[in-house]
Amino acid sequence: MSDVKKFMYVNRKAPYGTIYAWEALEVVLIGAAFEQDVSLAFVDDGVFQLVKGQDTTELGIKNFSPTYSALGDYDVNKIYVEKESLDARGLTIDDLMPLTYEDEDDDWAEKDSIRVVTAAEMAEILEQQDVVLSF
Amino acid sequence: MSTLHTVNKSPFDRPSLQTCLRLAGKDHAVLLFEDGVYGALQGSTVADTVKKALDTVSIYVLGADLKARGLSEDKLIDGIKIVDYKGFVELTVENDKVNAWL
């Protein structure tokens, strides 16, 4: 399987104000069908995409935040959130929706997909990628 | 002249809010909507600037945009008032002009 590449999708925009967040999610879901090694990074205002309790009823536009919960079923279970970006916005991991996946190598145990990492760790993770797509 | 300043961009993405608060006159009104609502969050890097501005201007935030983004009232800086779309319209009527900081 040497043709499997490491794909990283970098999310840096808040949801709803622009279309970037939703477009990125669409691309991730399409890309997931190609059985590559997929990771997601949430940096800068991108961390707002994962805030729990989103309700767009009054805006009359689609609330796409529940879709993030489906990523685990597409084997997208490496979701990195930069700690510095959370801190700057007064957020902690408790403000984010819980995202999980079932680990087939560990008797389908349910595990957390979100990993809060430092900027230095994020830099290292980016370094390891074959392809980086930024939104 | 009373002015309503509107800010619809995230203060972490560009300095629209910071510039608005720096240049808004005494007793002016500032409305945060769309991605501008992130400026109302407690504990962020812009929170101190916003708190200080509340001494001279009134700051409002559009409730529908807060809800869409999962931000509850207890997350907001004290003194910021939540308005609905009707309140948005009333603010535009009450003030002599609107200055939109994009």
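This is a predicted model: local features need pLDDT of at least 70, side-chain atom pairs count only at pLDDT 80 or more; totals for chains, interfaces and linings use all residues.

Chain A is built from 3 helices and 7 strands, and its elements come in the order β-α-β-β-α-β-β-β-α-β from the N terminus on. Its radius of gyration is 15 Å, close to the 14 Å that the globule rule gives for 135 residues, so chain A is as compact as a globular protein of that length.

**Overall build**
- Some 32% of the 135 residues of chain A count as buried.
- Looking at contacts in chain A with a separation of 6 or more, 75% come from residues 24 or more positions apart.

**The sheet**
- Five strands of chain A make an open sheet with parallel pairing, in the order β6-β3-β2-β1-β7.
- β6 (114-117) and β7 (131-134) of chain A are at the edges with a single partner strand each, so one side of each has no neighbour in the sheet.
- From one strand to the next, the twist averages 25°.
- Strand β1 (residues 6-11) of chain A pairs with β7(A) over 4 bridges, and Phe7(A) has Val131(A) as its bridge partner there.

**Helices across the sheet**
- Helix α1 (residues 20-32) of chain A lies across β1, β2 and β7, at about 165° to β1(A).
- Helix α3 (residues 119-127) of chain A lies across β1, β2, β3, β6 and β7, at about 140° to β3(A).

**Meeting chain B**
- 18 residues of chain A are in contact with 18 residues of chain B.
- On the chain A side, the residues that touch chain B split into 7 nonpolar, 5 polar and 6 charged.

Methods. Residues are numbered from 1 along each chain as its sequence is written. Chains are lettered from A and ligands numbered from 1 in the order in which they are written. Two residues are in contact if their C-beta atoms, placed from the backbone, lie within 7 Å. Ala, Val, Leu, Ile, Met, Phe, Trp, Tyr, Cys and Pro count as nonpolar, Asp, Glu, Lys and Arg as charged, and the others, Gly among them, as polar. Helices (H or I, at least four residues) and strands (E, at least two) are DSSP runs, numbered from the N terminus. The radius of gyration is taken over C-alpha atoms; the globule rule is 2.2 Å times the number of residues to the power 0.38. A residue is buried if 20 or more other C-beta atoms lie within 10 Å of its own, exposed if 12 or fewer, and partly exposed in between; C-beta atoms are placed from the backbone. Two strands pair if DSSP finds at least two bridges between them. Axes are lines fitted to C-alpha atoms, for helices over the stretch in contact, and angles run from 0 to 180 degrees between N-to-C directions.
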